[in-house]
Amino acid sequence: GAGYVSLSNSADIIDRSILGVPGAPFSLILSRSDDFLVYNQLMLYNFRNNRHIRIYLSLVQMTYDSVDASGYLAEPLGADDLPRVLLQAGIGDSQVTTISAEILARAF
């Protein structure tokens, strides 16, 4: 949702949007997901410990930044051209933290 909203804002397709449980960057959210546990076990066969997996995910994130919602920043907007985006962050969410919602909010 966030990538679509940020890319379509320059084309004036979307006037207002709501992002429920938003977050970025993807590498921060990925390692906190319950679905990542299986991938984590597979990665431990190739890496020494979880610290090396975090470094690897951070390196992969650099290639993903150009299409990630927090990596895409449009040209500076005037005061009248600000997009209307409501970010609904879940306080106490164990998978998508509020700090990842704050990172995404700074991208808009």
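Of the 108 residues of the chain, 25% count as buried, where buried means under 20% relative accessible area, exposed over 50% and partly exposed in between, with a 1.4 Å probe and protein chains only. This is a predicted model, in which local features need pLDDT of at least 70 and side-chain atom pairs count only at pLDDT 80 or more, while totals for chains, interfaces and linings use all residues. Residues are numbered from 1 along each chain as its sequence is written, and side-chain values use heavy atoms, with hydrogens and water left out.

The accessible surface of the chain comes to about 7700 Å², of which 55% belongs to carbon and sulfur atoms; such areas come from the Shrake-Rupley method with a 1.4 Å probe, and for residues only the protein chains shown count as cover. The secondary structure comprises five helices and two strands, arranged along the sequence in the pattern α-β-α-α-α-β-α. Helices (H or I, at least four residues) and strands (E, at least two) are DSSP runs, numbered from the N terminus. Among contacts in the chain with a separation of 6 or more, 68% join residues 24 or more positions apart, a contact being heavy atoms within 4.5 Å.

Gln95 and Arg32 are 63 residues apart in sequence, yet 5.1 Å separates their C-alpha atoms. Leaving aside residues up to four places away in sequence, Gln95 touches Ile29, Arg32, Ser33 and Asp34. With Asp34 there is also a side-chain to side-chain polar contact at 2.9 Å, that is, a pair of N or O atoms within 3.5 Å, of which, within protein, one must be able to donate a hydrogen and the other to accept it, and residues adjacent in sequence count only if both atoms are side-chain atoms. Gln95 counts as partly exposed because its relative accessibility is 27%.

Helix 5 itself spans residues 98-107, and Ser100, Ala101, Leu104 and Ala107 are buried in it. Seen down the axis of helix 5, these buried residues fall within an arc of 105 degrees, so they line one face of the helix; the arc is that of the directions from the helix axis to the C-beta atoms. An α-helix has 3.6 residues a turn, so residues three or four places apart point the same way.

The phi of Val21 is near 50 degrees, a positive value in a residue other than glycine, whereas most residues other than glycine have a negative phi.
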